[in-house]
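Open the model in your viewer and keep the selection panel at hand. The tour goes stop by stop, with something to select at each one.

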Amino acid sequence: MKDKKLPVNKQYVVHTPESSFLSSILQEIPTADEWICSRLLSMVVRKENVHDEFSMIGNYFEECPFFHIVSVRDEILRSVLTLSFSDCIEKAINNGYYVSAIVNTKHIHNYGNSNDFLHHIHIYGYNKDEQTICIADHFRKGHFTFEKCSYLEINRSRDIVDSFIAFVKLLPDVRFDLTS
């Protein structure tokens, strides 16, 4: 089986993992640029003290008209479904949903972290034959990149985490126009 991937592109809004990931998805929609630009107030990074001034109007993730987002607590998923996290990812991707979840980065080699650290990861695909998951985050010295991890790594990364998993579906027929 070939990779099963949802569309993502190199993003032009790079800040938090969430805004970077959403930007990489939104670039699939021609009218999304206006919405993205209308949400940004200022974006200034000062190198001298690595101070970050990034402001947005509202909640970029939850208020985006181009996404249908469903958040589910782990305890509900675990009590209703007997799926591993990788099985859950496969089902979500097959139904057109990106997955955003908190993981323990110690268990995913791409982070190069040997300590427990909880962090959002963004998932856009998988390869069942290779048993790999397509992930996106700021892996390379702060650069947002697209990588792969194993099913074993992704499942281990969720073993001790109890939080929400967000399922994000792109709504390509939505139009946003600042002039109307």
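Start at the hairpin of β7 and β8. Two strands meet here with 2 residues between them, and K141 takes a positive phi near 45 degrees. Bear in mind throughout that this is a predicted model.

**Along β7 and β8**

Now show the pairing of the two strands. β7 and β8 run antiparallel, joined by 8 bridges. Pick I135 and look across to β8: E147 stands opposite.

Next, select all of β7, residues 132–140.

β6 and β7 are paired antiparallel over 5 bridges.

**The charged pairs**

Switch to side chains. How many salt bridges does a search of the whole structure find? The count is 5. As background, side chains of opposite charge can pair when their charged atoms come close.

Select D3 and K148 first. They form a salt bridge, with the closest N and O atoms 3.2 Å apart. This pair links distant parts of the chain: D3 lies in the segment before β1 (4–5), K148 in strand β8 (residues 143–150), and 145 residues separate them. K148 counts as partly exposed because its relative accessibility is 31%. D3 is partly exposed too, at 32%.

K5 has a relative accessible area of 44%, so K5 is partly exposed.

Now go to K106 and D116. Their side chains meet in a salt bridge, 3.1 Å from N to O. Both residues sit in the loop between β5 (97–104) and β6 (118–127), 10 residues apart, and the pair is another link between distant parts of the chain. Is D116 buried or exposed? At 51% relative accessibility, D116 counts as exposed; the cut-off is over 50%. K106 is partly exposed, with 34%.

**Last stop: P65**

Select P65. Where is it found? P65 is in the loop between β3 (51–56) and β4 (67–73). Its relative accessible area is 29%, so P65 is partly exposed.

Which residues does P65 touch, leaving aside neighbours within four places in sequence? Show W35, L171 and V174: P65 is in contact with each of them. To finish, draw a C-alpha to C-alpha distance from P65 to W35. The value is 8.7 Å in space, for two residues 30 apart in sequence.

Terms used. Residues are numbered from 1 along each chain as its sequence is written. This is a predicted model: local features need pLDDT of at least 70, side-chain atom pairs count only at pLDDT 80 or more; totals for chains, interfaces and linings use all residues. Side-chain values use heavy atoms; hydrogens and water are left out. Helices (H or I, at least four residues) and strands (E, at least two) are DSSP runs, numbered from the N terminus. Buried means under 20% relative accessible area, exposed over 50%, partly exposed in between (1.4 Å probe, protein chains only). Contact means heavy atoms within 4.5 Å. A salt bridge is a side-chain nitrogen of Lys or Arg within 4 Å of a carboxyl oxygen of Asp or Glu. Two strands pair if DSSP finds at least two bridges between them.
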